[in-house]
Amino acid sequence: MEQATFETNIEDVKPPATSVGVIGWVKQNLFNGWLNSILTIFTFVVLWKIVPPFFRWAFIDSVWNTTGQACRHAAGACWSIVSANYRFIIFGFYPYDQQWRPFLAMMILFGLLFYSRNRKHWKKSLGYAWILGLFTMGLLMKGGLFGLVPVETTKWGGLPLTLLLSVFGLTAAYPLGVVLALGRRSKLPAIKVLCILYIELIRGVPLISLLFMSSIIFPLFLPEGITINKILRAQVAIILFTAAYIAEVVRGGLQAMSRGQYEAAESLGLNYYLTMRLVILPQALKIVIPPTVSILISAFKDTSLVVIIALWDLLKTTQSVLSNPEWMGFSREAYIFIAIFYFLGCFSMSNYSRKLEKELSAGEESR
Amino acid sequence: MNEALEKNMKYRSSDEAMIEIIDVHKWFGDFHVLRGINLTVHKQERIVICGPSGSGKSTLIRCINRLEEHHRGRIIVDGTELTNNIKNIEKIRAEVGMVFQHFNLFPHLTILDNLTLGPIWVRKIPKAKAEEAAMYYLEKVHIAEQAHKYPGQLSGGQQQRVAIARSLCMNPKVMLFDEPTSALDPEMIKEVLDVMIELAQEGMTMIVVTHEMGFARSVAHRVLFMDFGQIVEGNTPQEFFDNPKHERTKLFLSQILH
Ligand SMILES: Nc1ncnc2c1ncn2[C@@H]1O[C@H](COP(=O)(O)OP(=O)(O)OP(=O)(O)O)[C@@H](O)[C@H]1O
Ligand SMILES: [Mg+2]
C-alpha cells in the first residue's frame, strides 16, 4: 500500500501560482511579513526622494564645458570644474607637455594588473613582465634616459602618485605582514618578541603620526647633505603601517589551522619552510581573504593622508583646484569626480577578492 | 590469504632492528606519560599496540617520528638516533610513514597532489614520475578513479585509504598507524583494514595502534598491551588473546571482547 501512495506522489505537481513569476517574486522577497513590507515601502520612499533630484542635478540641469563664471548661473552641477581642470587634478605639477608619460605608465600598470587577474597567467614570465613594466614605468616617470626630459619627483602628483603609493604599498606590505605573522608564532623567543613589539608599536600609533615621523623627525637623524626622497619615505611609512595590520589578520588564519595539518606535513618530511609554503599558508591565507581585503581597501584610501606631509596626491590636487577663486564653491562636483576613482579602485579590489575566493575553493567544499 | 600471511609471518627475529626504543620517558608538564618504554621492532615485523584510553599509545608512536619529543632514553630508527638535529629528524620522517586517526589530508590539494607533495618536494622526484608512482599506489588502495577530486569529496574510508597511499608514495621503511579505523563508520572499516592487510602481505614493517582485535590476530607478529605509560605485556597474538598473563591485560581484554 505504501508503494501506491508513493507512486501517486511522484507525478509532476505544478508549483502554486503565487510562488512564480513577477508577482511571486515580489511577494516572496519584498512583502513577506509586515516588517519587510514596511521596510520595502520606506526604502522606496527614500529612493524616490533622492534619486530623481540627484539625476536632475547631475545630468539635466548640469553644465559641462564652460568657464567658472558661467557655472554660477546654472541650476545643476558644474562639471566644467572637471573638464577645465582634469589634467591638473590627475597629473598635478607634472610638466604639461610631458603628461603623456605618466599616462602611459598608468596604462602599463592597469594592463599588468588586469592581465594578472587570471591565476592561469601566474607564471615566471609574468614576473619578468612585472619587472620590465616597473622599470619602464619608473623610466617614464623620472626620465633622463633615451631623450626623455628628467622630471623631479617633487613634481610628481595626482593619480600616478596615489597609484604609486598604494600599489607598491600594498604589494610590499602583504608579504611583510605574512612574515611578521609567522614570526609572531615562531618558537624562537627573540624573533617572537621582536615581531610582537613591532606589530603592537605600529598598531599603537595612527598612520598620520608615522607619516609625520617619516617626513619631519626621521630626516633630523640623517647626516647633513643626505636626503632620502620624500615619496619613498611616505611609501615606507605606509608599508610598515599596513604590514602590522595584515600580520594580525594572517595570524588569525594561522590559528585556525588544525594541528593535524602541520603534523601530516611534517611526517612527510617537509621542513618548516615547505610546510608553511605548501600546506599551511595556502589554506590560512585563503581563510583570511575577506578581512585582508578590508585592510587593503582602507590602506588604499589612507594613502590620501600623505596630503599632510605636502605630497600632491589625487586629493591634494583636487583641493588646490578648489582654492582657485574661479572654481571656488564647486567642491561637490570635484569630490564626486575623485570619489569615482577611489570607488573604482576599492570596488575592483573587493570584486577580485570574491572571484579569487571562489576560484580557490572550487571543488574543495565537502559534498 | 591466510597462507600468504603465514609465509610472511616468518620474519626472523635475528634480523636487524628497524626501530630501537630504549628506556624512553616522556612528560607532559608534570604528567608522566611514558614511563620507561623498551621496544625493538625488527625489519618486516608487525606490531599491534592496544590499551585503555590515555595510556600513552599515541604518544609512543608519535615519538618515533618526533611529532612528540622524548625526554629520557634513546630512540633509534634505521640506525639514526632521534636527537635535536633537524636534518636527522627530517630524514627519519621521510622514511617513516604515518597514518592518523583523522586522515589529515590536505584539503586544498587534489588527491593526486596530496600524494605527490612529499615525493616532489622532499625526495625531489620529477613531477611526471611522482604522478606515475602516485597513480600506482592509488590503484593499490583501489581508489585511482578519484585522483582528481578533493579530499572533502571522498568518504571517510576513501580518505583514509588516500592517506595510506600518501605515506606509501614516500617509500617508507616503516608505517605507523594511530587508530586508523576508529573515526570511520562501521561499513568503511573493512575497506581500510583490507588495504592494511595487503600491505602486511608485502612485508611492510608496521606499528599499528588499534582496537581491531581481529586484525591483530591475523596480521600481528606481536601484540603489546600498554597501560599507564608502560608496556605491560607483549606476546604473539595467540598467546596474548588466549593466555593473557597480567590482571590488567585480562581486564582490558574482557572489556574489549565483551
Ligand atoms: N599535548 C599534550 N599535552 C598534555 N597532555 C597530553 C598531550 N597529549 C596527550 N596528553 C595526555 O597524555 C596521555 C596519553 O595520551 P595519548 O594520546 O598517548 O593516549 P592514547 O593511549 O593514545 O589514548 P587514546 O586511546 O584515547 O588515543 C593522556 O592522558 C592525554 O591527556
Ligand atoms: Mg591515541
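Which backbone lies 2.8 Å, through a polar atom, from an oxygen atom of ligand 1?

1. That backbone belongs to Gly54(B). An oxygen atom of ligand 1 is also 2.8 Å from a side-chain N or O atom of Lys57(B). For Glu179(B), the side-chain distance is 3.1 Å. Taken alone, ligand 1 exposes 630 Å², and the protein buries 60% of that. Such areas come from the Shrake-Rupley method with a 1.4 Å probe.

2. This is a predicted model: local features need pLDDT of at least 70, side-chain atom pairs count only at pLDDT 80 or more, and totals for chains, interfaces and linings use all residues. Residues are numbered from 1 along each chain as its sequence is written, chains are lettered from A and ligands numbered from 1 in the order written, and side-chain values use heavy atoms, without hydrogens or water.

3. The whole structure has 26 salt bridges over all chains. A salt bridge is a side-chain nitrogen of Lys or Arg within 4 Å of a carboxyl oxygen of Asp or Glu. Arg184(A) and Glu248(A) form one, at 2.8 Å. It links helix H8 to helix H11 of chain A, 64 residues apart.

4. Chain B has a salt bridge between Glu90(B) and Lys87(B), at 3.4 Å. The two are about one helical turn apart because they sit three residues apart in helix H3. Glu90(B) has 14% relative accessibility, so it counts as buried. Lys87(B) has 58%, so it counts as exposed.

Key: A polar contact is a pair of N or O atoms within 3.5 Å; within protein, one must be able to donate a hydrogen and the other to accept it, and residues adjacent in sequence count only if both atoms are side-chain atoms. Helices (H or I, at least four residues) and strands (E, at least two) are DSSP runs, numbered from the N terminus. Buried means under 20% relative accessible area, exposed over 50%, partly exposed in between (1.4 Å probe, protein chains only).
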